[in-house]
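I opened this model to go through its strands, its core, its helix contacts and its charged pairs. The entries below follow the order in which I looked things up.

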Amino acid sequence: MIWIWVTSMTISSIFFIFIFSFLILRFFRKTSALHILKHWWLSFENLFHLHQSFKIPLYDHNFRENQLYRKILTYLDSLPSVQDSDFTNLFSGPNPSDIFIHLDANQIVHDAFLGAKLSWTNNTVAGDSASALVLRMKKKDKRRVFQQYFQHILSVADEIEQRRKKDIKLFMNSGSGETYRWRSVPFTHPASFETVAMDVELKNKVKTDLDQFLKSKQYYNRLGRVWKRSYLLYGASGTGKSSFVAAMAKFLCYDVYDIDVSKITDGSDWKTLLMQTTPKSMILIEDLDRLLAGKSTAVNLSSVLNFMDGIMSCCGEERVMVFTMNGTKDEVDQAVLRPGRVDVHIHFPLCDFSTFKILANSYLGLKEHKLFPQVEEVFQTGARLSPAEVGEIMISNRNSPSRALKTVITAMQVQSNGQGQRLSHSGSGRGSEEVNDANAVICRESVHTVREFRKLYGLLRLGSRRKEKDESVHSGPIEAPRIESRVG
């Protein structure tokens with residue numbers, strides 16, 4: 001009887017201990033007590049100097065971005081253990097079904113490699129140049145896994161970046177008071193070389209030039225030159241320069257750094273912005289002629305020249321610089337455009353008949369139409385619209401290609417005959433009856449559309465003034481798009 005009593009007491013004690021232990025573990029799991037115990041244990045290990053820490057800062061001592069920092073952060077975001085940290089950031093990807101996880105600031109993520117346990121801390125403060133990643137590992141594992149571990153990180157990061165290669169970013173500079181001067185958004189511009197309305201031969205020349213640049217690292221190094229190339233895109237507004245920039249960026253798979261000169265306060269800002277750009281990037285400065293004509297102390301000829309090919313321009317390789325102008329090259333100091341500063345000049349003229357046919361095919365799906373000879377005849381009179389103007393007319397009338405073509409014809413005739421102002425004041429689409437030119441071919445049903453189009457987009461101008469301007473800029477026929485490539 002005594003033995004049975006003792007046995008029952010033992011079973012009860014074991015059961016009680018089991019229940020108590022289960023409740024204690026559940027308490028630890030549901031509260032932060034387990035984290036406190038882990039912290040105490042780590043503090044105990046630190047007393048014996050069992051671990052060693054390595055700091056990877058966001059910027060190096062020259063305030064240039066540390067590329068290793070970005071690669072490690074890419075690797076850490078791919079770890080499954082990121083989901084186990086206290087806080088994680090969730091972002092949507094290019095597709096609505098894609099969700100990306102990013103490690104939050106001041107959080108710890110754990111990793112394992114070849115039997116070694118490692119931990120990373122994201123010591124990041126918004127706008128702080130002291131942001132860094134800290135690796136913590138046991139000293140006994142350092143010599144065994146350190147080098148192989150970082151090779152593994154770089155390999156995984158490169159693989160991830162290759163998968164994301166098509167995800168281009170658009171960077172915009174912020175005010176001079178912030179340490180990190182660039183902020184980015186996804187670059188989703190839909191333009192490509194296939195959609196840009198330009199002569200096929202010219203597009204192929206540009207693509208060949210860009211492709212050759214990508215493969216010329218050893219060639220540039222042998223010449224003792226910085227591996228970069230610069231392009232000037234010049235022509236009237238609405239001729240497709242911005243879309244062409246987007247097409248170049250997509251072809252190269254380069255991020256775009258769009259410099260807002262209004263946020264530059266002095267000459268040193270140019271250098272800071274340039275130093276904080278990354279390799280394999282496109283640096284864009286728009287309206288170069290307007291900037292140089294201004295009276296800002298931050299934007300002058302000297303600062304622009306130093307930015308284009310000064311000693312600071314060698315602080316990074318595999319860069320493409322793009323400058324745009326709405327005027328002619330004669331309006332800019334030729335020192336800016338000399339070879340070495342601008343390698344390739346590409347002119348974007350107003351729309352001619354060949355460009356019109358490209359636009360008609362893209363916007364309306366027309367390769368031929370009975371009105372094409374009439375359109376060509378109007379172009380031969382010297383009438384011109386910008387590709388943006390022609391494209392907008394086609395978009396507005398995309399459900400009726402015939403009406404779109406008639407509207408283009410009328411718009412060019414109005415521009416050529418100086419009737420834009422008269423049409424804008426006519427109360428009816430029948431105002432075309434006031435045109436007395438016997439040779440004019442007016443599409444009556446589309447005049448009202450032209451009037452509304454010009455009123456909406458502010459395209460009213462006297463035809464005679466436009467014609468005089470064209471004659472002053474072009475001594476002969478308006479030149480076709482061309483590329484002037486200079487290699488030196």
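Predicted model: local features only at pLDDT ≥ 70, side-chain atom pairs only at ≥ 80, totals over all residues.

Entry 1, pairing. The bridge partner of Tyr257 in E11 is Ile283.

Entry 2, from E11 to E12. I followed E11 to its pairing with E12 and found 5 bridges, with the two strands running parallel. Ile283 turns up again here, standing opposite Met321 in E12. Leu284 stands opposite Val322 in E12. I then looked up E9, which pairs with E12 in the parallel sense over 7 bridges. In that pairing, Met325 of E12 is the bridge partner of Tyr234.

How many residues of E12 are buried? I counted 7 of the 7, so E12 is largely enclosed by the rest of the structure. Arg319, Met321, Phe323 and Met325 point one way from E12, while Val320, Val322 and Thr324 point the other way, and all are buried. I noted that Arg319 is in this buried set. E11 is mostly covered as well, with 5 of its 5 residues buried. From E11, Ser281, Ile283 and Ile285 point one way and Met282 and Leu284 the other.

I asked which residues of the largest nonpolar core touch the most other members. The core has 31 residues, and the answer is Phe244, Met248, Met282, Val320, Val322 and Ile346. The elements that give two or more residues to this core are helix H5 (200-214), strand E9 (228-235), helix H7 (241-252), strand E11 (281-285), strand E12 (319-325) and strand E13 (344-348). H7 gives the largest share, 7 residues. As background, I wrote down that nonpolar side chains in soluble globular proteins tend to be buried together.

I took Val320 as a case. Leaving out residues up to four places away in sequence, Val320 touches Phe213, Arg229, Tyr231, Met248, Leu252, Tyr254, Ser281, Met282 and Ile283. Two of these names, Met248 and Met282, are also on the list of core residues with the most contacts to other members.

I moved to an open sheet of 4 strands, which has the order E1-E6-E5-E4 with antiparallel pairing. Its edge strands are strand E1 (51-57) and strand E4 (108-113), each pairing on one side only. The twist averages 25 degrees from one strand to the next. Inside the sheet, strand E5 (residues 116-123) and strand E6 (residues 132-138) pair in the antiparallel sense over 6 bridges. Asn123 has Ala132 in E6 as its bridge partner.

Next I checked what lies on this sheet. H3 lies across E1, E4, E5 and E6 and runs at about 65 degrees to E6. H4 also packs on the sheet, touching E1, E4, E5 and E6, and its direction makes about 135 degrees with that of E6.

I counted 5 salt bridges in the model. In one of them the side chains of Lys71 and Asp158 meet at 2.7 Å, N to O. Lys71 lies in helix H3 (residues 67-77) and Asp158 in helix H4 (residues 139-163), so the pair ties together parts that are 87 residues apart in sequence. Asp158 is partly exposed, at a relative accessible area of 35%.

Asp211 forms a salt bridge with Lys215, with the closest N and O atoms 3.1 Å apart. Are the two partners buried or exposed? Asp211 is partly exposed at 30% relative accessible area, and Lys215 is exposed at 66%. Arg290 pairs with Asp287, the closest N and O atoms being 3.5 Å apart. Arg290 counts as exposed at 54% relative accessibility.

Last I looked up helix H11 (residues 353-364) and helix H12 (residues 372-380), whose axes come within 10 Å and cross at roughly 145 degrees. The crossing of H11 past H12 is right-handed. Phe353, Phe356, Lys357 and Ala360 in H11 meet Phe372, Val375, Glu376 and Phe379 in H12.

Definitions and conventions:
Residues numbered from 1 in each chain as written. Heavy atoms only, no water. Salt bridge = Lys/Arg side-chain N within 4 Å of Asp/Glu carboxyl O. Buried < 20%, exposed > 50% of the residue type's maximum accessible area, 1.4 Å probe, protein only. Pairing = 2+ DSSP bridges. Axes fitted to C-alpha atoms, helices over the stretch in contact; angles between N-to-C directions. Contact = heavy atoms within 4.5 Å. Core = buried A, V, L, I, M, F, W, Y, C linked by side-chain atoms within 4.5 Å. Left-handed = near helix turned anticlockwise from the far one by under 90°.
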